[in-house]
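Try each task before you read its solution.

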Amino acid sequence: MGALWRGWRDVLGRLGFETAALDAKLLTGHALGLDALALATREQEPVADADAERVAGLLQRRMSGESVARIIGEREFFGLAFALNAATLEPRPDTELLIELAIKALPVGGRLLDLGTGTGCIPIAVLANRSDAIGLASDISAEALEMAQINAARHGVADRLRFAPGSWFEACSRNGRGEDKFDLIVSNPPYITSAVLETLAPEVKDFDPRLALDGGPDGLAPYRIIAANARDYLSPGGQVLVEIGYDQGSSIRALFAEHGFADIVVHKDLNGLDRVISGQHLKGS
């Protein structure tokens with residue numbers, strides 16, 4: 001087994017994959033149904049031809065640019081494993097700052113709304129760490145919502161997280177609960193400019209859903225919708241938290257200020273880049 005994964009490591013390495021060894025190990029182990037420890041302890045065991053072909057199939061998918069997480073079918077995020085499908089964006093570490101801020105921002109017994117939920121990773125991670133909170137998650141894709149529901153059940157929050165189909169805030173009224181007000185609205189909306197999409201890495205542009213990437217000509221289209229409508233769905237004193245691109249802080253701050261939000265803060269990630277914007281709906285505003 002050792003010779004098999006190392007052979008694929010060398011192939012990936014020659015093709016320029018920076019994580020060649022890790023990718024080869026993970027995909028070999030997945031194909032053979034072995035974790036890292038089992039793969040190491042069975043290093044000297046031979047591999048049947050059928051098993052070797054299965055490993056080769058997965059590694060060829062990696063060579064085409066598909067990510068290891070998509071090949072395996074799940075991605076770890078905020079300490080939880082989230083199943084993926086073609087309609088869901090692959091959760092990424094950048095979004096974990098949003099989770100940390102949301103956990104702190106929700107009041108006791110708070111109500112959360114997640115717009116464009118995808119895998120459900122944002123509301124599920126928040127509710128998994130806030131057993132007092134409840135939420136509603138929306139997405140325009142029925143396929144994405146199905147995956148989010150599976151993930152919610154997997155992590156024990158299905159009884160506190162409702163799902164509704166629809167584009168942005170349409171989902172609230174379609175769910176038959178248009179009177180709902182939320183203490184916190186969160187979203188990781190599409191924020192890549194349309195012209196830049198084709199320049200992205202193959203594992204993003206060829207495998208992540210375009211709906212979850214394309215933010216329009218200037219990358220701000222979803223933020224205009226959120227900024228213009230969020231206060232109608234927030235309780236007085238409620239907050240909005242949205243993930244943003246590294247160069248969008250000032251533009252999105254201005255959008256939220258234009259629509260009456262207060263205490264607008266641009267939060268930076270560990271690399272010192274703009275990553276999340278928060279704003280508050282003040283009482284009486």
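Two strands pair if DSSP finds at least two bridges between them; helices (H or I, at least four residues) and strands (E, at least two) are DSSP runs, numbered from the N terminus. This is a predicted model, where local features need pLDDT of at least 70, side-chain atom pairs count only at pLDDT 80 or more, and totals for chains, interfaces and linings use all residues. Residues are numbered from 1 along each chain as its sequence is written, and side-chain values use heavy atoms, with hydrogens and water left out.

**Exercise 1.** Find which residue of S4 stands opposite Leu-115.

*Solution.* Start with S3 (residues 111–115) and S4 (residues 134–139): they run parallel and are joined by five bridges. Now look across from Leu-115, and you land on Ser-138 in S4.

**Exercise 2.** Work out the strand order of the open sheet, and say which strands stand at the edges.

*Solution.* Walk across the seven strands and you get S5-S4-S3-S6-S7-S9-S8, with mixed pairing. S5 and S8 each have a single partner strand, so they are the edges, and one side of each has no neighbour in the sheet. From one strand to the next, the twist averages 15°.

**Exercise 3.** Describe how H2 (residues 20–32) and H4 (residues 49–63) cross.

*Solution.* First, the axes: they come within 9 Å and cross at roughly 135°. (Axes are lines fitted to C-alpha atoms, for helices over the stretch in contact, and angles run from 0 to 180 degrees between N-to-C directions.) Next, name the angle: H2 and H4 are oblique to each other, because angles under 35 degrees count as roughly parallel, over 145 as roughly antiparallel, 65 to 115 as roughly perpendicular and the rest as oblique. Finally, list some touching residues (contact means heavy atoms within 4.5 Å): H2 brings Asp-23, Leu-27 and His-30, among others, while those from H4 include Arg-54, Val-55 and Leu-58.

**Exercise 4.** Phe-78 and Trp-168 both need a look: is each one buried or partly exposed?

*Solution.* Buried means under 20% relative accessible area, exposed over 50%, and partly exposed in between (1.4 Å probe, protein chains only). Phe-78, in the loop between S1 and S2, has 23%, so it is partly exposed. Trp-168, in the loop between S5 and H9, has 18%, so it counts as buried. Check the backbone too: phi is near 55° for Phe-78, a positive value in a non-glycine residue, and about 55° for Trp-168, also not a glycine.
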